[in-house]
Amino acid sequence: MDYFNYQQDGQLWAEDIALTDLAERYGTPLYVYSRATLERHWNAFDQAVANHPHLICYAVKANSNIGVLNVLARLGSGFDIVSQGELERVIAAGGDPAKVVFSGVGKTAAEMKRALELGIKCFNVESEPELERLNEVAGLLGKVAPVSLRINPDVDAKTHPYISTGLRDNKFGIVFDRAPEVYRLAQSLPNLKVTGMDCHIGSQLTDIEPFIDATDRLLALIDTLKAEGIEIEHLDVGGGLGVTYSDEQPPQPSDYATELLARLKDHPELELVFEPGRAIAANAGVMLTRIEYLKHTEHKNFAIVDAAMNDLIRPTLYQAWQDIVPVCPREGEKQTYDFVGPICETGDFIGKERTLCLEPGDLLAVRSAGAYGFVMASNYNTRTRAAEIMVDGQDAHVVRERETLEQLWQSEHLLPE
Ligand code: LLP
């Protein structure tokens with residue numbers, strides 16, 4: 001559930017503010033987030049596992065605006081990061097480095113050093129050379145690095161063909177069968193301390209089963225390691241819980257947690273770590289865009305809007321479907337439109353074949369844009385990136401100003417005379 005609703009005036013609001021007001025005040029395209037929705041989604045995870053030791057590490061990549069991170073940091077959230085940049089954002093937002101887990105296959109020595117100096121909770125290590133490098137960097141600093149190994153559980157692709165990151169063939173994690181051997185290596189390196197085990201099997205999963213299959217495999221591995229004297233303190237189940245873009249019915253965090261906790265009966269001390277990104281942020285944001293022109297051709301109708309693939313690339317990149325709704329719906333004859341932007345690419349679209357009653361100048365909201373929206377924006381075609389607004393009840397806070405054109409080339413240089 002989110003706090004973007006049509007009110008009695010027939011218009012779409014964010015919490016207690018009409019989106020038309022925000023568009024007038026700040027211009028379009030505009031990203032608008034709802035603080036109450038972010039908090040509600042985060043709390044849904046936190047409360048779902050309330051009776052078991054746990055940490056919710058929001059996946060910063062989904063939406064890394066420091067205003068968003070600050071809202072979550074105030075709730076006591078941990079963070080899942082994949083770069084030094086994301087780490088510095090967490091710190092700038094008031095996040096606690098002791099609640100940070102560091103994922104990703106390509107951590108540099110400099111990134112490891114900074115994370116060790118700040119004292120993060122854990123490095124989610126994805127290969128043996130990464131273990132060796134981390135051991136070396138920690139040794140130079142006179143520190144001991146807390147380590148979890150990302151295990152690739154190779155969840156059955158036949159029953160769940162849409163899972164793409166938990167299979168043997170991709171770059172992520174350590175192959176399940178080799179896990180004990182790699183744990184032994186980690187245990188033997190003097191500047192590492194094995195503390196955890198993690199996995200992340202994919203994103204936008206709308207079924208619990210693959211998560212549970214993966215957890216079962218990991219719990220068996222934890223028991224095997226224990227018998228060898230390798231103690232795992234936390235199990236990080238990654239992110240991946242899906243959201244409703246159109247009519248998907250993903251499990252609630254409480255459904256997911258119930259199944260997980262049932263499996264953790266014999267592991268009461270094992271801390272559960274979650275890395276949700278999309279489930280927290282996607283439906284806590286919309287992107288506002290205005291119709292510049294309606295163009296009718298013999299074959300198609302186009303709504304040419306002021307947002308483009310540089311603002312929201314998911315439709316172009318993944319053929320992702322996101323709902324497009326009028327902020328002030330009008331009565332009248334509906335027509336079927338493709339929603340396209342001003343960028344000079346055929347692939348520049350926000351949505352295709354949507355049937356609506358529209359006029360030029362109408363304001364539209366692209367729903368579910370809070371995750372993997374602004375963070376994936378670019379300056380292609382020398383377009384400034386949109387402003388970002390955080391709505392909190394009746395208040396609207398600018399959490400990122402609209403870029404200016406001068407900013408776009410301020411680090412560029414002419415050749416000498
Ligand atoms: N943890 C790890 C290690 C990850 O790789 C990811 C996402 C997450 C957590 C968060 O997953 P989530 O809860 O958001 O599903 N740009 C794509 C999604 C890429 C996800 C990459 N990894 C999209 O727009 O659909």
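Which residues have the most contacts inside the largest nonpolar core? They are Leu 19, Val 32, Leu 134 and Leu 288, in a core of 116 residues. Please keep in mind that this is a predicted model, where local features need pLDDT of at least 70, side-chain atom pairs count only at pLDDT 80 or more, and totals for chains, interfaces and linings use all residues. Residues are numbered from 1 along each chain as its sequence is written.

**Core and domains**
- A nonpolar core is a set of buried Ala, Val, Leu, Ile, Met, Phe, Trp, Tyr and Cys residues joined through C-beta atoms within 7 Å; buried means that 20 or more other C-beta atoms, placed from the backbone, lie within 10 Å of a residue's own.
- An automatic or database assignment gives domain 1 (4-33 + 282-409) and domain 2 (104-274).
- The centres of domain 1 and domain 2, taken over C-alpha atoms, are 36 Å apart.

**Ligand shell**
- The ligand has 18 residues around it, and Ser 203, Gly 239, Gly 277, Arg 278 and Tyr 372 come nearest; a residue is near if its C-beta atom, placed from the backbone, lies within 6 Å.
- Domain 1 and domain 2 each give at least three residues to this shell.

**Annotated positions**
- An unreviewed UniProt entry places "binding site" at Arg 278, Arg 314, Tyr 318, Glu 345 and Tyr 372; such annotations may be inferred rather than shown by experiment.
- Arg 314 counts as buried because it has 20 C-beta neighbours inside 10 Å.
- Tyr 372 is also buried, with 23 such neighbours inside 10 Å, and touches Ala 62 and Arg 314, not counting residues up to four places away in sequence (contact: C-beta atoms, placed from the backbone, within 7 Å).

Methods
Buried ≥ 20, exposed ≤ 12 C-beta atoms within 10 Å, placed from the backbone. Contact = placed C-beta atoms within 7 Å.
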